[in-house]
Each structure stands twice: as C-alpha cells, then as structure tokens.
Amino acid sequence: MQKRIEISEMNTSNNQLELIAEKPNFDTAGLQASGQMLVDSDSLAFIYKLENEKEFIYVSLPSSIWPSLKNVISEKQKVILHLEENELELIDIIPELEYLLQNIEGNTNYGNEMVELVEKTF
C-alpha cells in the first residue's frame, strides 16, 4: 500500500500557502519534494509526490483545499508543507497543477465527478 500524508490544516501568509500535515505513522526523515504530481480520481484529490532514497510518499491535496490551490496559481504563491519538524517547499506545484488541469478539463477518463469538480473549482 502506498504511504500517504493527509493535510489537516492550511493557512495563507506572506504570499504562500502553508499546509500542515497530520502526523504519519511512518518515518519521514530524508523526504524531499519531487516536483511531480498525480491525480487520484477515486478520492477526488491531487497528489504531490515526495521521495526519499527508497520510495515515493504521496501528499493528498483534497478538493477542500482546491480553492486555495487556485489562488496559488493565480497569485504565483509558494506552497510549504509542514511535516512534523520539517518544512518542505512543494517545488514546481504550479506548472504541475496547470498541466493536470489542462488534461482533466473535459476528459472523462478521470471520471465525471472529478472533471465536474475541477471545472467548477478552477
């Protein structure tokens, strides 16, 4: 099973979106931002990939935070993940989101619910 990090809170300050993660039940030492994203249509979420020497870890960005992600794109904000004692900038999140949004629009391969929610939000 793929390891996931869930977002518990978010704040906007100093032209950046700060995401506070729930404490995962696995070691997060050595995690780095990959600059890559995926879509989880079943969970209606975008996934940002973190990585370490051994594996990828998925950060779930649920639809509840999409309006803030829309602001990230329009205002060219940084996104900072607060994970236990660490802060990670989610590099390349804007171009990755823009690419995914272009692919999802009108594309039922992602599922009707995902397409409708993306089109409504973004």
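Reader: Which residue follows helix 1, and is its phi positive or negative?

Author: Most residues other than glycine have a negative phi. Here, helix 1 is followed by Lys76, and the phi of Lys76 is positive, near 50°. Helices (DSSP runs of H or I, at least four residues) and strands (DSSP runs of E, at least two) are numbered from the N terminus.

Reader: What should I know about the model before going on?

Author: This is a predicted model, in which local features need pLDDT of at least 70 and side-chain atom pairs count only at pLDDT 80 or more, while totals for chains, interfaces and linings use all residues. Residues are numbered from 1 along each chain as its sequence is written, and side-chain values use heavy atoms, with hydrogens and water left out.

Reader: Which residues of helix 1 are buried?

Author: Buried means under 20% relative accessible area, exposed means over 50%, and partly exposed lies in between, with a 1.4 Å probe and protein chains only. Helix 1 spans residues 66–75, where Trp66, Ser68, Leu69, Val72 and Ile73 are buried. Viewed down the helix axis, these buried residues fall within an arc of 155°, so they line one face of helix 1. The arc is taken from the directions that lead from the helix axis to the C-beta atoms.

Reader: How do helix 1 and helix 2 pack?

Author: Two packed helices are described by the angle between their axes and the distance between the axes. Axes are lines fitted to C-alpha atoms, for helices over the stretch in contact, and angles run from 0 to 180 degrees between N-to-C directions. For helix 1 and helix 2 the angle is about 110°, and their axes are 10 Å apart. That makes the two helices roughly perpendicular, a word used for 65 to 115 degrees; under 35 counts as roughly parallel, over 145 as roughly antiparallel, and the rest as oblique. The crossing is left-handed, meaning that the near helix is turned anticlockwise from the far one by less than a right angle; clockwise would be right-handed.

Reader: Which residues meet where helix 1 and helix 2 pack?

Author: Contact means heavy atoms within 4.5 Å. Leu69, Val72 and Ile73 in helix 1 meet Ile93, Ile94, Leu97, Glu98 and Leu101 in helix 2. Helix 2 (residues 93–104) also lies across strands 3, 4, 5 and 6, running at about 15° to strand 3.

Reader: In what order do the strands lie in the sheet?

Author: Strands of a sheet pair through backbone hydrogen bonds, either parallel or antiparallel. Two strands count as a pair if DSSP finds at least two bridges between them. Here seven strands form an open sheet with mixed pairing, in the order 3-4-5-1-2-6-7. Strand 3 (32–40) and strand 7 (86–89) are at the edges with a single partner each, so one side of each has no neighbour in the sheet. On average, neighbouring strands are turned by 30° against each other, direction ignored.

Reader: Which strands run parallel, and over how many bridges?

Author: Strand 2 and strand 6 run parallel, joined by five bridges. Within that pair, Gln16 stands opposite Lys78, and Ile20 opposite His82. His82 also has Glu87 in strand 7 as a bridge partner; strands 6 and 7 run antiparallel over four bridges. Strand 1 and strand 2 are antiparallel with six bridges, and there Thr12 faces Leu17.

Reader: How many residues of strand 2 are buried?

Author: Five of its six residues are buried, so strand 2 is largely enclosed by the rest of the structure. In strand 6, too, five of six residues are buried.

Reader: Where does Asn14 lie, and is this residue buried or exposed?

Author: Asn14 is in the loop between strand 1 (4–13) and strand 2. At 73% relative accessibility, Asn14 is exposed. In this hairpin, with two residues between the strands, Asn14 takes a positive phi near 50°. Leu44 has a positive phi of about 50° and lies in the loop between strands 3 and 4; Leu44 is buried, with a relative accessible area of 15%.

Reader: What does Thr28 touch?

Author: Leaving out residues up to four places away in sequence, Thr28 touches Leu83, Glu84 and Asn86. Thr28 belongs to the loop between strand 2 and strand 3 and is buried at 4% relative accessible area. Glu84 sits in the turn of the hairpin of strands 6 and 7, with a positive phi of about 55°.
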